[in-house]
Amino acid sequence: MRRRGLVLVLAGVVAVLAAGGYSLLRPVRLDATAIAPEGSGDAARGERLFWAGGCVSCHASEAADRPVLSGGAPLVTPFGTFHGPNISPDPEHGIGRWTLADFANALQRGVDPEGRNLYPAFPYTSYARMTPGDVADLHAFLMTLPPSTADAPPNDLPFPFNQRIALGLWKAMFLHPEPVVTLAADVPEPVRRGRYLVEGPGHCGECHTPRTLGGAGGLDLSRWLAGGPAPEGDGRIPNITPGGPTADWSEDDLVTYFETGFTPEFDSVGSSMVEVQHNLARLPKDDLAAIAAYLKVVPPIPDAADAR
């Protein structure tokens, strides 16, 4: 009887551990109260978010006024090659059949309509900070774009990166929707707007912040916007805190750079920032001024030794 009792206890412990492991690994969706009502989005407002989010960079071959979002250039990383999928309104090859809830869960929790975890090459850790209304607006705008029947190539990832089972644990460690920078109660509204754009739809930290665990982990928020190795594994993304090379730039200098691609020294934007700047130039000037105002109040971090 004692042996049988021990077996039952061990079986119970295994069951509890298995349940706990599953709870960490399973995809977690948004609560229904965190999703705007179906059909409530405004496409005109959504276009502004579309360019702030740089959707064309991964999901289209060119940044036309009405781009075809059938997939863009491959994203080559040390973990394999990712391909942005077709997110056009086509019902078979794109996301035309997705509900707003489907879209919100993919955008903000990295869970597709089939309940699978999405890879964080899609920056849902930043989009998680978007408001439900803005998510609805972005969805509405996407549905106005041309449909495409093209299918992007599948991701090409070696083992073990082609196994999605660990992505739930990754999210538990690194998916944090709260703001990164705490602002004082009396900061001007443009600074708050800038924080929202940079930390949320603009997802600037995904490239300008170093990552933990040798690059395999999430963002190292203690070095927010302090620069680091390029996600593609070639080159370096600069420090854009007030302790980096743009420390002497004024807010007007930053706005001019966003609008034109020219620095105060009359140098021009280069590398992967070219596409980002082209997208930023489509935003209204008050959004660009808000981004500049926020970048001037984030904690200054000196360049790391390898960056210097």
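Which residues does Tyr196 touch, not counting residues up to four places away in sequence? In this predicted model, Tyr196 touches Arg129, Met130, Thr131, Asp134 and Pro201 when residues up to four places away in sequence are not counted. The legends below begin with this residue and its helix.

View A. Computed along the sequence, Tyr196 and Ile291 are 95 residues apart, yet in space their C-alpha atoms are 8.7 Å apart. The buried residues of α8 are Val191, Gly194, Arg195, Tyr196, Leu197, Val198 and Glu199, and what covers them includes α5, α6 (132–142), α9 and α12 (285–295).

**View B. Helix α12 and what encloses it.** Helix α12 is largely enclosed by the rest of the structure, because eight of its 11 residues are buried. These buried residues are Asp287, Leu288, Ala290, Ile291, Ala292, Ala293, Tyr294 and Leu295. What covers them includes α2, α8, α10 and α11, and α12 is in turn among the elements that cover the buried residues of α8.

**View C. The largest nonpolar core, with Phe258.** In soluble globular proteins, nonpolar side chains tend to be buried together. The largest nonpolar core of this model has 52 residues, and of these Phe50 and Phe258 touch the most other members. At least two residues of this core are supplied by each of α2 (43–53), α3 (55–59), α4 (100–109), α6, α8, α10, α11 and α12, and the largest share, six residues, comes from α12. Leaving out residues up to four places away in sequence, Phe258 touches Gln277, Leu280, Ala281, Leu288, Ile291, Ala292 and Leu295. Apart from this core lies another one, of seven residues, among them Ala106, Ala128, Trp170 and Phe174.

**View D. The second largest pocket and its lining.** Rolling a probe the size of a water molecule over the atoms shows where empty space is left. The second largest pocket has a volume of about 160 Å³, and its lining is made up of Thr125, Ser126, Arg129, Trp170, Phe174, His176, Glu206, Arg211, Gly218, Leu219 and Leu221. By type, the lining residues divide into four nonpolar, four polar and three charged. Helices α5 (124–127) and α7 (167–174) each supply at least two residues of this lining.

**View E. Thr125, a residue of the pocket lining.** Thr125, which is found in helix α5, is one of the residues that line the second largest pocket. Is Thr125 buried or exposed? With a relative accessible area of 10%, Thr125 is buried. A polar contact of 2.7 Å joins its side chain to that of Glu206, and Glu206 also belongs to the lining of the second largest pocket. When neighbours within four places in sequence are left aside, Thr125 is in contact with Trp170, Phe174, Leu175 and Glu206.

View F. Asn239 has its place in the loop between β4 (236–237) and α10, where its relative accessible area of 2% makes it buried. Which backbone atom of Thr241 lies 2.8 Å from a polar atom of the side chain of Asn239? That atom is the backbone nitrogen of Thr241, while the backbone oxygen of Ile301 lies 2.7 Å from a polar atom of the side chain of Asn239. Not counting residues up to four places away in sequence, Asn239 touches Leu225, Ala226, Gly227, Gly244, Pro245, Thr246, Ile301, Pro302 and Asp303.

**View G. Two loop residues with a positive phi.** Most residues other than glycine have a negative phi. Leu225 has a positive phi, near 65°, and its place is in the loop between α9 (205–208) and β3 (228–229). Leu225 counts as buried, because its relative accessibility is 0%, and Leu225 is among the residues that Asn239 touches. Phe266, which is not a glycine either, has a positive phi of about 65° and is found in the loop between α10 (251–260) and α11 (273–280). Phe266 counts as exposed, because its relative accessibility is 74%, over the 50% limit for that term.

How values were computed
Residues are numbered from 1 along each chain as its sequence is written. This is a predicted model: local features need pLDDT of at least 70, side-chain atom pairs count only at pLDDT 80 or more; totals for chains, interfaces and linings use all residues. Side-chain values use heavy atoms; hydrogens and water are left out. On a 1 Å grid over the protein atoms alone, a cavity is a set of points where a 1.4 Å probe fits but cannot get out, and a pocket is an open set with protein on both sides within 12 Å along at least five of seven lines; lining residues have an atom within 4 Å of a point. Grid points are joined across faces, edges and corners, and a volume is the space filled by probe spheres set on the points. Helices (H or I, at least four residues) and strands (E, at least two) are DSSP runs, numbered from the N terminus. Ala, Val, Leu, Ile, Met, Phe, Trp, Tyr, Cys and Pro count as nonpolar, Asp, Glu, Lys and Arg as charged, and the others, Gly among them, as polar. Buried means under 20% relative accessible area, exposed over 50%, partly exposed in between (1.4 Å probe, protein chains only). Contact means heavy atoms within 4.5 Å. A nonpolar core is a set of buried Ala, Val, Leu, Ile, Met, Phe, Trp, Tyr and Cys residues joined through side-chain atoms within 4.5 Å. A polar contact is a pair of N or O atoms within 3.5 Å; within protein, one must be able to donate a hydrogen and the other to accept it, and residues adjacent in sequence count only if both atoms are side-chain atoms.
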